[in-house]
Amino acid sequence: MARYLRRTIAQIAFVIIGIAIINFFLLRLAPGDAAQVMAGEAGSATPEYMAALRKQFGLDQPLYVQFFSYLKNVLTLNLGYSFRQGMPVSDLILQRLPATLLLMGTSIAFAVSIGGMLGLLAARQAGKLADTLISALALLFYATPVFWIGVMLVVVFSVLLDWLPVGGMASVEAGLTGLAYAADVGRHLILPATTLGLFYLAIYTRLMRASMLEVYGQDFVRTARAKGVRPRRIAVRHVLRNALLPIVTTLGVQLGSILGGAILVETVFAWPGLGRLAFEALFQRDLNLLLGILFCSSVVVVLVNLAVDLAYTALDPRIELS
Amino acid sequence: MSDPVLAVERLNISFHTRRGVLRAVRDLSFHVERGETLAIVGESGCGKSITALSLLGLVPEPGRVEGDAVRLEGRNLLALPEAKLRRLRGARIAMIFQEPMTALNPVLTVGEQIMEAILEHEKVSRAAARDRALALLERVRIPDAKRRFSDYPHRLSGGMRQRVVIAMALALSPAVLVADEPTTALDVTIQAQILELIDELKRENGTAVVLITHDLGVVAEHSDRVLVMYAGRKVEARATADLFARPLHPYTRGLIAARPQPGGGRARLAEIPGTVPSLFAMPAGCAFAPRCAVAEPACGVAVPPLMPAEDGAVACIRAGEIHVPEPAREALRA
Amino acid sequence: MTVFEISAPAAPAPRARDGLLLRLLRQPSAAVGLTLLVLIIAMAASANLVFPDDPLDMVTQPFLWPGEDAAYPLGTDMLGRDIASGIFHGARVSLLIGAVATLVSLVIGVGTGALSGYYGGRLDAVLMRVTELFQTIPPFLFALAIVAILQPSIPTITVAIGITAWPSLARLVRAEVLKLRHGELVQASIALGASDLRIIVLHILPNTLAPVIVSASILVASAILTESSLAFLGLGDPNVVSWGGMVGAGREVLRTDWYVATIPGLAIVTAVLALNLLGDGLNDALNPKEAAR
């Protein structure tokens, strides 16, 4: 356990320093000096702000000094100040993070539960009509860009049917509180969460089907059948539990990609999360904010993967933390 | 002689594949009595393992089982719907598999897996099932059974796992135990222990055992009767002692001749020249004829019928004529 | 299991002698994928012939619905641009960026994986750490940051997608190389004194080809998705037409003229679907054993 912790901490440190290096050099790739880049396009920042930035980053210093001062800032979670938004970058990110986590959490829950069920169904009906239909649908959603699903859902459910709100996270003017507010947020959440979820639903359906089929072919399933265990019980107790293992692993691997999807979905639905913030930063050429978001989302990925590791050890007794 | 516990009548198993119909088992009949061990021997692919699976209704897709009957304690399993068959599996007929390393679910504890066998078939409390499972672990002589009960399979050796599989199979005192190469994957010393254990449990419970193996050493020491299979058919069936003393079918003789001297390790039956013909393209006559040293033109004409011989049966038109020299017989007896 | 035991001596070698194309076409889904892909490539190749004018130019009145005017079968957008022309020219951009970005990923991924798997030890540890790092950074956000900083153009978009998509490939190649590294062929070559480069290029990489080809077709599909997503957010090359950019523009008129956003989306789905189908088909054709499951 101690060895595991040491290794994990080293890994996190490596990732943080690595991303800091990448960010540092990305900023230097941009045309103009770093202060100009960070302040956005010329003319938008006051000379005082530019001077402050130059001083903060010690742009007159040698490169390695600049890098170490940048690293020091990053490690103390000082990600700079967003001139455009009038707030420290870290505050902005913390403010927007919950909305993104809500969106991602709902989407993942939707994708894993429904995708898992569909995959299970397809595997148990392998080769039959239900399997063919589910597999074809999964393939189709797997090929459909997230943003386009969002746009089409808006056309159908907001424009044509007028059932659900086009965007935003809550009806601001209504001034709702308590449960009514939660219900309102829920209504706003349906389309974005479905949009983001459908793509991953396709992935988990395919994965679950393949995984279930693989486990069904294993010897211990035959042993269970020879014991006279009911088919449903075999599916849940013997097959599903083992088939979930690769799903958990994939969840960790995919997290970064889901975050990327969240940017698109939040843009389509004006969902006030990190992705929307990234989009705003993009348009205002607030590159320091953009890189701050990149940095923080990478850290989130590392932390969630840590949680996935722990979940995996709980699910698979063969794995021990080392 | 009372009714046999298990009687198989004209069993046929085929696989319908895109390349045609593969007939894995043909017209196979045999029976096993209470407290008796019937060994089914033959090379890989002769159909012995698929026969074992068919006894429990576990032949995988696209396999098809047909035949007159597989009678277990009088009930014809071939006519039973899956739900009823399931209630007999594990309860009246149980199975032990070849690979103890993969036969257990890696994410459930050993105890849970034995308890499951009990709870699936009997309405007993979890506590009672637990006690019985623990007793079973002790009975198959797993040391420190209490602690092993809550261990996961990966912490147990192959021999220990096979004991667990046996405990699971015996949980409900089945009438028939099918053991498909139960010791092939194990070390020689562990092999003997496991087979002794099966013999002992058989004696105590009067269980009938169908022992599938390719190892003639195992056959000689642990079976009462032997059924020899070649390319999906029964070619000889005799009492074990008779078979080793006077093998009648040329294939059986080949098997026994290819057997290494005692203590020389396990037998792999590869010493007979030639290979088993493709089950997709069987020769017209006796399937063994192309490899047979005493084959004559008539062997290639029609499949030889099973003829009664010395308290058993043999399917060879030359079985009666062939002279086995006395010294060779003596050597075989030894 | 027993069934395989039975069929093993009977089954001749899988139909390895048949050409790959034939094996591919025998599977209906792969045949559909290949057909669609050929169609899209034909569209891209003929774009300049069929629609010689710049697809970004206004050609007629805006908001012609599909079918309304036979000269513009897919209609026109809010600026009077021919949507059919945009689809044809957009195919060029999507395929070009998809293919070249995948090439970039292949060079980095196969290189990293081969070195890592072949040499092992320190180098392996370092390279795998770097791979992990790149896997941790959300790839789309990473690509977006690169393109935003360097300014969107076909080369920057291509490079950005290429250098964010290689880690899975590196892991795949490393795993394959590790399997081969201690195989007889490689050990024999080492004993004969062949140089490392020669062994890697002649004996190891050709044997990793099958899984790499399958991954590559999936990578092209995901590169096309990424490119269209970037363009949708306004990070496309402003001088060329892109399917994602067309959807993004169509969003503005969603309430009244939803076809503007719908049609280019269908084009993206078709292209990505074609490549995924092809990838699945290649996987089955190149690994007949696994496909039998």
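This is a predicted model: local features need pLDDT of at least 70, side-chain atom pairs count only at pLDDT 80 or more; totals for chains, interfaces and linings use all residues.
In what order do the 4 strands of the open sheet in chain B with antiparallel pairing stand? The order is β2-β1-β4-β5.

The edge strands are β2 (20-32) and β5 (75-76) of chain B, and each pairs on one side only. Inside the order, β1 (residues 6-17) and β4 (residues 63-72) of chain B run antiparallel and are joined by 9 bridges.

Chain B holds another open sheet, built from 8 strands. Its order is β6-β7-β8-β3-β9-β10-β12-β11, and its pairing is mixed. Why do β6 and β11 of chain B each have one side without a neighbour in the sheet? Both β6 (93-96) and β11 (307-309) stand at the edges with a single partner strand, so one side of each stays without a neighbour. Neighbouring strands here are turned against each other by 25 degrees on average, direction ignored.

Look next at one pairing within that order. Strand β3 (residues 37-41) and strand β8 (residues 208-213) of chain B pair in the parallel sense, over 5 bridges. Leu38(B) has Val210(B) as its bridge partner in β8(B). Further along, helix α10 (residues 250-257) of chain B lies across β9 (225-230) and β10 (233-239) of chain B. This helix runs at about 105 degrees to β9(B).

Now move to chain A. The count there is 12 helices and 2 strands. From the N terminus, the elements run α-α-α-α-β-β-α-α-α-α-α-α-α-α. Along the principal axes, the C-alpha atoms of chain A fill a box of roughly 80 × 55 × 40 Å.

Chain A meets chain C through 50 residues of its own and 45 residues from chain C. How much area do chain A and chain C bury between them? The value is about 4200 Å², with 78% of it on carbon and sulfur atoms. On the side of chain A that touches chain C, the residues divide into 37 nonpolar, 9 polar and 4 charged.

The polar links across this interface can be listed briefly. The rule finds 1 salt bridge between chain A and chain C. In it, the side chains of Asp280(C) and Arg206(A) meet at 3.3 Å, N to O. There are also 6 residue pairs in polar contact across the interface of chain A and chain C, both residues at pLDDT 80 or more. The elements giving two or more residues to the side of chain A that touches chain C include α1 (2-29), α8 (178-216), α10 (231-269) and α12 (287-315) of chain A. Of the elements on that side, α12(A) gives the most, with 9 residues.

Chain A also has a charged link to chain B. Side chains of opposite charge can pair when their charged atoms come close. Glu116(B) forms a salt bridge with Arg233(A), and the closest N and O atoms are 3.5 Å apart. The pair crosses from helix α3 (residues 110-121) of chain B to helix α10 of chain A. Over all chains, the count by this rule comes to 31 salt bridges.

How values were computed:
Residues are numbered from 1 along each chain as its sequence is written. Chains are lettered from A and ligands numbered from 1 in the order in which they are written. Side-chain values use heavy atoms; hydrogens and water are left out. Two strands pair if DSSP finds at least two bridges between them. Contact means heavy atoms within 4.5 Å. Buried area is the accessible area (1.4 Å probe) that two parts lose on being put together, summed over both. A salt bridge is a side-chain nitrogen of Lys or Arg within 4 Å of a carboxyl oxygen of Asp or Glu. A polar contact is a pair of N or O atoms within 3.5 Å; within protein, one must be able to donate a hydrogen and the other to accept it, and residues adjacent in sequence count only if both atoms are side-chain atoms. Ala, Val, Leu, Ile, Met, Phe, Trp, Tyr, Cys and Pro count as nonpolar, Asp, Glu, Lys and Arg as charged, and the others, Gly among them, as polar. Axes are lines fitted to C-alpha atoms, for helices over the stretch in contact, and angles run from 0 to 180 degrees between N-to-C directions.
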